[in-house]
Amino acid sequence: MRLTTSLEDLRGSVSACLKCHGCTYGPWPQNHGFCPIYERGRTFTASAGGLLYLAKAVLNGQMDYNASLAELAYTCATCGACDDRCSIVRSVNPEMALSDIIRLLRHELVKRGFAPDGPIKQMYEHVKRTGNLPSNGRAKSLPIPRENGQADMLLVADCLHTDAEASACTAALGLLAKMDTRVAVCAESGCCGSTLYDFGFWDELPALVTKQWKKIQSFGNKVLLFVNPHCQEFITNKYPKILNGEFKPFQGKHISEALLDGLTQGKLKTKKMSKMTVSYHDPCFLGRGLGLYEPPRQVLEHLDGVHLVEMKRNREQSFCCGARGLGNYFDNFSEDTAKARIKEFLDTKADVMITACAYCKERFRTVMGSEAERVQDLTEFVGQRVE
């Protein structure tokens, strides 16, 4: 969806919803619930379809934009679970994902001053002022040279605003070194723009995205390697529409794919270690956003002593960690969403939950408290179990 799109432009898509609730649960025969706000509210209003109905009411003059609508729109985790399930709304415009229509609704709310106070506005003000997400004083740099001119691959690692991000990228670089992979690193202070897009702050996006893309292009024609799935999904799927003719197609790779190559080609040797049972949590933007469900699992299956068990909801039907649900329509929504997923993990009796997204790792670790070490990043976990 282009940044110039208005809600009025999508009147047909918004009006197509039939209230079938198909956006709230997965396919037969499991019919797993996978919409976090619907799971919490159990009313149609608290669902992607419900938000479309509210948007239609605004377009028809039946209600005004207001703070309550904003709280509901921002409580939605925009996890994308609804996007592929709804063929009715997509029949009007195949490119209009429900989650992107919700992001557009947020943008309309932002334009009218209804973005909720608290973390959302603080994030926006910080990005507007510095060009990067708030770090809260945590790690923001990698202990490696910025560029290797002979590299075939570029690690895009600008979003180092948390220790979890920095740790995953550092582990990735260590593993790439073991694989003798020549890699340049784009790790200056900056932001790809995905967070601004998700939360409806679109006015600053063209300049920020243009600057980021020029920085990436300055490294030359390289394969782009990502550790953060949010960055990879946004640059892959949204940059072409924001940059228009300035965008140049690229080959992109997630770190799990690079690690799988290393393991299958014998460049990474797995250690003989004690047996461990793990369960893998599919990050929304890596799975539903990029379609990468199997590479992380195949990586884990290559590790000696590691036994993988699945949670009840997995792959396309995976349940969100709740990290992006920052509204307060439901009290403690983000925490309770993570708790629901952690319960599924605990039900597997696995020793460790593995994920491939720093946001998921931080959300789960915060909720797990004293057992936080049972949540681990895929790249760091691999680093512990290979020579």
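Select Tyr239: leaving aside residues up to four places away in sequence, Tyr239 touches Cys192, Val209, Gln212, Trp213, Phe234, Asn244 and Phe247. Contact here means heavy atoms within 4.5 Å.

The model is predicted: local features need pLDDT of at least 70, side-chain atom pairs count only at pLDDT 80 or more, and totals for chains, interfaces and linings use all residues. Residues are numbered from 1 along each chain as its sequence is written, and side-chain values use heavy atoms, with hydrogens and water left out.

Buried means under 20% relative accessible area, exposed over 50%, and partly exposed in between (1.4 Å probe, protein chains only).

Go to Val223 in strand S3 (residues 223-226). Helices (H or I, at least four residues) and strands (E, at least two) are DSSP runs, numbered from the N terminus. Val223 has a relative accessible area of 18%, so this residue is buried. Its C-alpha atom is separated by 6.9 Å from that of Phe250, 27 residues apart along the chain. Not counting residues up to four places away in sequence, Val223 touches Asp152, Met153, Leu154, Gln251 and Lys253.

Then select Gln376 in strand S8 (residues 375-377). Gln376 counts as buried because its relative accessibility is 14%. Its contacts, again without residues up to four places away in sequence, include Val352, Arg365 and Phe381.

**A helix pair**

Show helix H3 (residues 48-59) and helix H4 (residues 67-75): their axes come within 11 Å and cross at roughly 150°. Axes are lines fitted to C-alpha atoms, for helices over the stretch in contact, and angles run from 0 to 180 degrees between N-to-C directions. H3 is therefore roughly antiparallel to H4; angles under 35 degrees count as roughly parallel, over 145 as roughly antiparallel, 65 to 115 as roughly perpendicular and the rest as oblique. Colour Leu51, Leu54 and Val58 of H3 and Leu69, Leu72 and Ala73 of H4, which make the contact.
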